[in-house]
Amino acid sequence: MIDLDYLNYLEDFLTDNRKERFTEVLVHRTNHFTIAVEDIFQFHNTSAVMRSCEVFGIQEINIVEQRFGKNIDKEIAMGAQKWVDINRFSTISNCIQTLKSKGYQIIATTPHNDSCMLHEFDITKKSALFFGTEKEGLSQEVMQQADGFLKIPMVGFTESLNISVSAAIIIQDITSRLRQSDVKWQLTEEAILIKRLAWAKNSIKDIKRIEERYYSQR
């Protein structure tokens, strides 16, 4: 349960414009879709995918660090790491199991099989979309456990796109169609309060001192 008194206390330190902006952004946030990136060697690509999630309203990104550690390139992410939820996993199995337990179907993005074309993708189902390494694509474990496959239609000689470009195209398409649908894709009231609290804390520079003052007054 969110301590509403604590939330209101913190939000008193924010400008009206900042609070209004939080409300405007949260109206468009969704957990109906989530994104997973598997062992992306070039960390700026992970940061770029995170930025696309933030820009197009996907609240959670899942990062699998089975082989390569991940550092967020702050210049590429442009602050997106403050506004999206980052879930880290040490194995792909743990990531897949966790997402399935949350009700997500696993969708592997790949141009190398009889995948569903992007414009044909069923946006009504709660889905976790997986993106793989730059050279090798997704692992066999993801491909074997996937509930479906998805690819971007291409008409040129080159058979693939950079992962960050692919993610941006797919995320923009599915979130745009989602918002035009009758699917209940919005965050719950509780989830919105949780994000308001987290974002308020991210926005206050001297948050530790502010928290100490609040609890001492209590």
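Which side chains meet in a salt bridge with an N to O distance of 2.8 Å, as in the view of Glu-54? The partner of Glu-54 is Arg-29, and the legends below begin with this pair in what is a predicted model.

**Close-up 1. Salt bridge between Glu-54 and Arg-29.** The side chains of Glu-54 and Arg-29 meet at 2.8 Å, N to O. Glu-54 belongs to helix α3 (residues 43-56), whereas Arg-29 sits in the loop between α2 and β1 (33-38), so the pair ties together parts that are 25 residues apart in sequence. Arg-29 counts as buried because its relative accessibility is 2%, below the 20% limit for that class. In total, the structure holds nine salt bridges, among them the pair shown here.

**Close-up 2. Salt bridge between Glu-11 and Arg-196.** The closest N and O atoms of Glu-11 and Arg-196 are 2.8 Å apart. Arg-196, with a relative accessible area of 23%, is partly exposed.

**Close-up 3. Salt bridge between Asp-16 and Lys-19 within helix α2.** In this pair the closest N and O atoms are 3.7 Å apart. Asp-16 and Lys-19 are three residues apart in helix α2 (residues 16-26), so about one helical turn separates them. The relative accessible area of Asp-16 is 52%, which means that Asp-16 is exposed. Lys-19 counts as partly exposed because its relative accessibility is 24%.

**Close-up 4. Packing of helix α1 with helix α9.** The axes of helix α1 (residues 4-11) and helix α9 (residues 207-217) come within 11 Å and cross at roughly 135 degrees. The two helices are therefore oblique to each other, and the crossing of α1 and α9 is right-handed. On the α1 side, Asp-5, Tyr-6, Tyr-9 and Leu-10 take part in the contact. These residues meet Ile-207, Ile-210, Glu-211, Arg-213, Tyr-214, Tyr-215 and Gln-217 in α9. The residues of the contact of α1 with α9 comprise seven nonpolar, one polar and three charged.

**Close-up 5. Packing of helix α2 with helix α8.** Helices α2 and α8 pack at an angle of about 140 degrees, and their axes are 11 Å apart. This angle makes α2 oblique to α8. The crossing of α2 and α8 is right-handed. From α2, the residues Arg-18, Phe-22, Val-25 and Leu-26 meet Ile-192, Lys-195, Arg-196, Trp-199, Ala-200 and Ser-203 in α8. By class, the contact of α2 with α8 has six nonpolar residues, one polar residue and three charged residues.

Close-up 6. Ser-166 lies in helix α7, which spans residues 163-179. With a relative accessibility of 12%, Ser-166 counts as buried. When its neighbours within four places in sequence are left aside, Ser-166 is in contact with Phe-131, Ile-152 and Leu-161.

Note on methods
Residues are numbered from 1 along each chain as its sequence is written. This is a predicted model: local features need pLDDT of at least 70, side-chain atom pairs count only at pLDDT 80 or more; totals for chains, interfaces and linings use all residues. Side-chain values use heavy atoms; hydrogens and water are left out. Helices (H or I, at least four residues) and strands (E, at least two) are DSSP runs, numbered from the N terminus. Buried means under 20% relative accessible area, exposed over 50%, partly exposed in between (1.4 Å probe, protein chains only). Contact means heavy atoms within 4.5 Å. Axes are lines fitted to C-alpha atoms, for helices over the stretch in contact, and angles run from 0 to 180 degrees between N-to-C directions. Angles under 35 degrees count as roughly parallel, over 145 as roughly antiparallel, 65 to 115 as roughly perpendicular and the rest as oblique. A crossing is left-handed if the near helix is turned anticlockwise from the far one by less than a right angle, and right-handed if clockwise. Ala, Val, Leu, Ile, Met, Phe, Trp, Tyr, Cys and Pro count as nonpolar, Asp, Glu, Lys and Arg as charged, and the others, Gly among them, as polar. A salt bridge is a side-chain nitrogen of Lys or Arg within 4 Å of a carboxyl oxygen of Asp or Glu.
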